[in-house]
Amino acid sequence: MRMSELLVCIVPVSLLVAGCGKEGPESGAATPQSAPASPATLDGKSGLPETWTMDDGPAPVPLLYFTQLGIKLSASCKKADGTLDCAAFQYVKSGMPTEIAKRELDGRTKPGSKVCIKMNNQVVTGKNSVGATDAFCKFPDGSLITVGTLEQYSLRIVQ
């Protein structure tokens, strides 16, 4: 292959590669919606409904699943105007972590469960319609949030 033929093949490919990775109006790519950075920015309207059965009661419990942050929260927290207001949500929204000593994290209990227990709340296990299980923290007003959420957003490990 001669040099001129090689350049005819390489130049168009290099122009395509040079445009890769660019986002925004100039590249024609759609700008992705950014996910909320914390539970405080959640909007009740974005929660997807799910039904779980808790081990402490036979009745199904409606929850909202916020895919952006992987949070499951009681559907009762959602008010008519779409805002969220319940003890579970207010706790994670406040950003005030619960301190757990590093020596207490021995692997026998989930760190989020330890947060729940330290707040004098109850840890309950739930099961969804396909048989998946998850642990939830039950607050005094009856609102639920996953212990994984507490671990991620409300735990401070101290020495």
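1. The buried residues of helix α3 (111-118) pack against α2, β4, β5 (122-128), β6 (133-138), α4 and β8 (155-158). Contact here means heavy atoms within 4.5 Å, and buried means under 20% relative accessible area, with exposed over 50% and partly exposed in between (1.4 Å probe, protein chains only). Six of the eight residues of α3 are buried, so the helix is largely enclosed by the rest of the structure. The six are Pro 111, Gly 112, Ser 113, Lys 114, Val 115 and Cys 116. After α3 comes Asn 120, with a positive phi near 65°.

2. This is a predicted model, in which local features need pLDDT of at least 70 and side-chain atom pairs count only at pLDDT 80 or more, while totals for chains, interfaces and linings use all residues. Residues are numbered from 1 along each chain as its sequence is written, and side-chain values use heavy atoms, with hydrogens and water left out.

3. On confidence: pLDDT is the predictor's confidence in each residue, from 0 to 100. The protein averages 81, and 77% of the residues score at least 70. Residues 6-36 have a pLDDT below 50, and this stretch has 13 contacts in the model beyond near neighbours in sequence.

4. Helices (H or I, at least four residues) and strands (E, at least two) are DSSP runs, numbered from the N terminus. Helix α2 covers residues 87-94, and its buried residues are Ala 88, Phe 89, Tyr 91 and Val 92. Seen down the axis of α2, these fall within an arc of 160°, so they line one face of the helix; the arc is that of the directions from the helix axis to the C-beta atoms. They pack against β3, β4 (98-101), α3, β7 (144-146) and α4 (147-153).

5. Two strands pair if DSSP finds at least two bridges between them. Strands β1 (residues 48-54) and β2 (residues 60-66) run antiparallel and are joined by six bridges, with Pro 49 partnered by Leu 64 in β2. Five residues lie between the two strands of this hairpin. β2 is also joined to β3 (residues 71-74), antiparallel, by four bridges; Phe 66 stands opposite Ile 71 in β3. The β2-β3 hairpin has four residues between its strands, and Gly 70 in the turn has a positive phi of about 70°.

6. β5 and β6 are antiparallel, with six bridges, and Thr 125 has Ala 135 in β6 as its bridge partner. Their hairpin has four residues between the strands, with Gly 131 at a positive phi near 95°. β6 also pairs with β7, antiparallel, over three bridges; here Phe 136 is opposite Thr 146. Five residues separate β6 and β7 in their hairpin, where Gly 142 in the turn has a positive phi of about 90°.

7. The whole structure holds two disulfides, a disulfide being a pair of cysteine sulfur atoms within 2.5 Å. Cys 77 is joined to Cys 86, S to S 2.0 Å, in a right-handed link with 85° about the S-S bond. Cys 77 is buried at a relative accessible area of 0%, and Cys 86 is buried at 8%.

8. In the disulfide of Cys 116 and Cys 137 the sulfur atoms are 2.1 Å apart. Its torsion about the S-S bond is about 85°, so this disulfide is right-handed. The pair links distant parts of the chain, Cys 116 in α3 and Cys 137 in β6, 21 residues apart. Both cysteines are buried. With the bonded cysteines numbered in sequence order, the pairing is 1-2, 3-4.
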